[in-house]
Amino acid sequence: MKVSISLSARFQPTRKKIFFNKKYHPFAVVICRRDTLASGGYGLRNNDGEIFLQGYTETIESTLHPYWVKQFQVKLKGPGTETKLDVHIFNKARKYDVKNSDATHAALSEDYGYGYELIDSLEGISIEEMLELGQSSYRMNDKNLLHLITETQNLDRERGYMKLQIRGLGLKNVERGLLQGLSDPFFEIWKSHKIGANQSAATPGVSGDAQTLIWSLCYRSNHIPNHVNPTWEPFEIDTAILCNGDMYRDIKIVVYDWEQSGNHRVIGNIRTRARELESRVCVHGNGDVSRALPMLSKGKSQGSLIVLKADFIPRKAF
């Protein structure tokens, strides 16, 4: 069985960190540990366990509330084996201070963080426990918040990837100031997750949805400077990441105005499905609005999204 895990975090910087480095440039490292249960179920046999590097997220610049696109696919070995995660978050804006760092932080920085400052870490997160909840929030060692969304991959659904390209048309300019120029738009795609009402909690930064519907980030585009009719680069995305193979699952496309400070402004958003994107591909050029997706913010029109390409490529079975 494979499990998909998405990460986000919320940092609480000290005054010193605010003064010298207003925001972090965080990336996360995920390490997987498997321990085999001893015979009779009493305790764990550490000598039968294995530890391996699961992978790294991308670095997000200038933020205290990172949402990483990278999703980790972890294979569970079934009964008799417990799988746990260690998560270490580093700040790419600053190398660690050898004189003022303790030995543990220094070792983690050297082993996994390329010598960068350790922001916070948490070890021994049980994947089996996370699966029961769907989402979990943890206080890390230095009291920062780590948020995880976990889901079992459905291998019986449509497996493959989608080739997508999207254009914005007539996006509302949300730049501010006398010398405002035009917006610098980029977009994100969020995947929906349904969890039981007794398990639900608000997902940080994603609001306005039903209590039992939460969202995880699965794609972020490049930003295009000074443009209200941007054509973003084409991209490919695995359907396991986009919608867990369910082409009728709700996804959300959110368009932002990029800001160097990291305080990106929302231009608008639409809710759709992978199957709908296939049916919305324009037929009369990249200015064709007959199949465009209307984008809203607080009930007001913010422009349109035109689907230039939406091809599903099934994965070949060998």
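Asp246 is found in the loop between α4 (239-242) and β13 (250-257), where helices (H or I, at least four residues) and strands (E, at least two) are DSSP runs numbered from the N terminus. The structure is a predicted model, in which local features need pLDDT of at least 70 and side-chain atom pairs count only at pLDDT 80 or more, whereas totals for chains, interfaces and linings use all residues. Residues are numbered from 1 along each chain as its sequence is written, and side-chain values use heavy atoms, with hydrogens and water left out.

With a relative accessibility of 23%, Asp246 counts as partly exposed, a class that lies between buried (under 20% relative accessible area) and exposed (over 50%), as computed with a 1.4 Å probe on protein chains only. The side chain of Asp246 reaches the backbone nitrogen of Tyr248 at 3.0 Å, a polar contact being a pair of N or O atoms within 3.5 Å of which, within protein, one must be able to donate a hydrogen and the other to accept it, and for which residues adjacent in sequence count only if both atoms are side-chain atoms. Although Asp246 and Arg273 are 27 residues apart in sequence, their C-alpha atoms are 9.1 Å apart in space.

In helix α2 (residues 103-111), the residues Ala106, Leu108 and Ser109 are buried. These three residues lie on the same side of α2, because they cover an arc of only 165° around the axis, the arc being that of the directions from the helix axis to the C-beta atoms. Ala103, Thr104 and Asp111, on the other side of α2, are exposed. The buried residues of α2 pack against β5 (81-95) and β6 (116-126), with contact taken as heavy atoms within 4.5 Å.

Strand β16 (residues 300-314) pairs in the antiparallel sense with strand β9 (residues 160-169) over 10 bridges, pairing requiring that DSSP finds at least two bridges between two strands. Within this pairing, Leu164 has Ala310 of β16 as its bridge partner. Strand β15 (residues 293-297) also pairs with β16 in the antiparallel sense, over four bridges, and Pro294 has Ser304 of β16 as its bridge partner. The hairpin of β15 and β16 has two residues between the strands, and Lys298 takes a positive phi near 55° in this hairpin.

A search of the whole structure finds zero disulfides, a disulfide being a pair of cysteine sulfur atoms within 2.5 Å. Cys218 is in no disulfide, and the nearest cysteine sulfur, that of Cys243, is 8.6 Å away. Cys218 counts as buried at 4% relative accessibility, and Cys32 counts as buried at 0%.
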